[in-house]
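Plain wording will do, with the points grouped by topic.

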Amino acid sequence: MTDIQDLRIKIVDHPLVQHKLTLMRRKEESTSKFRQLLREISLLLAYEVTRDLPLATREIETPLAAMEAPVLAGKKLCFVSVLRAGNGLLDGMLDLLPSARVGHVGLYRDPETLIAVEYYYKVPQDMGDRLTIVVDPMLATGNSAIAAVQRLKDGGARRLKFVCLLAAPEGVRAFNEAHPDVELYTAAVDQCLDEHGYIVPGLGDAGDRIYGTK
Ligand code: URA
């Protein structure tokens, strides 16, 4: 992993992640292939973001001997998907951590005030005791990511990480400033945002590409 310049973000630069991301970016990639690649990449991102999970030991018996063996310690972690594109990152993560808990946050941007308005919020209990991994493929302006993380903090979450597939430098800076305590993970930081808030070169609208809605 690499840190770039002044941005505090971990770039998962594993060759498999980078190769699959390139395939996803191509405009001719089909919806089913896009979804499959996202699932594969998200599993690899989950591998990185959970690298420092605490371990305890438990006594088990193998066919040959008893041993103290490592197991994950503490309460089950919680993935939180920022609707709707976040759901595309969830599946691969749940492949790797099938007993994780899952929450959902839905926000829309008021077109006049540009303030993020919540339309859905459902998370497990005891968020304060769980590592919370928030997922949303595109960190563009950072506004919805910042609002989602703030909502989770207000709801009691104390240990958070945020995982996206692609980030824009503008979004990373805004997020770092708003939530300096939350580690960010991505597969790549692209050049900039265009005038509509899309990441360039990016991959287009992640939700539309996952669900084939355009
Ligand atoms: N959301 C997307 O889906 N794509 C972008 O490029 C920016 C935000």
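Serine 81 has valine 135 of strand E7 as its bridge partner. Strand E7 covers residues 131-135, and its pairing with E4 is parallel, over four bridges. The model is predicted.

- E4 spans residues 78-82 and is mostly covered, with five of its five residues buried.
- In a regular strand, side chains alternate between the two faces of the sheet.
- In E4, Cys78, Val80 and Val82 point one way, while Phe79 and Ser81 point the other way.
- The residues on both sides of E4 are all buried.
- E4 is also joined to strand E5, residues 101-109, by five bridges, and these two strands run parallel.
- Within E5, arginine 101 is the bridge partner of cysteine 78.
- Strands of a sheet pair through backbone hydrogen bonds, and the pairing is either parallel or antiparallel.

**An open sheet of three strands**

- Three strands form an open sheet in the order E8-E10-E12, and their pairing is parallel.
- Its edge strands are E8 (138-139) and E12 (188-189), each of which pairs on one side only.
- Two bridges link E8 with strand E10 (residues 166-167) in the parallel sense.
- Opposite methionine 138 stands leucine 166, which belongs to E10.

- Which residues make the nonpolar surface patch of about 340 Å²? They are Tyr108, Tyr119 and Tyr120.
- Tyrosine 108 has its place in strand E5, the strand that five bridges join to E4.
- The relative accessible area of tyrosine 108 is 43%, so this residue is partly exposed.
- Partly exposed is the class between buried, under 20%, and exposed, over 50%.

**Isoleucine 11**

- Isoleucine 11 lies in strand E1, which consists of residues 10-11.
- Is isoleucine 11 buried or exposed? Isoleucine 11 is buried, because its relative accessible area is 10% and the cut-off for buried is under 20%.
- Along the sequence, isoleucine 11 and tyrosine 185 are 174 residues apart.
- In space, the C-alpha to C-alpha distance between isoleucine 11 and tyrosine 185 is 6.0 Å.

How values were computed:
Residues are numbered from 1 along each chain as its sequence is written. This is a predicted model: local features need pLDDT of at least 70, side-chain atom pairs count only at pLDDT 80 or more; totals for chains, interfaces and linings use all residues. Side-chain values use heavy atoms; hydrogens and water are left out. Buried means under 20% relative accessible area, exposed over 50%, partly exposed in between (1.4 Å probe, protein chains only). Two strands pair if DSSP finds at least two bridges between them. Patches are made of residues with over 30% relative accessible area and no salt bridge: like charges are joined within 9 Å, nonpolar side chains (Val, Leu, Ile, Met, Phe, Trp, Tyr) within 5 Å. Accessible areas come from the Shrake-Rupley method with a 1.4 Å probe; for residues, only the protein chains shown count as cover. A salt bridge is a side-chain nitrogen of Lys or Arg within 4 Å of a carboxyl oxygen of Asp or Glu.
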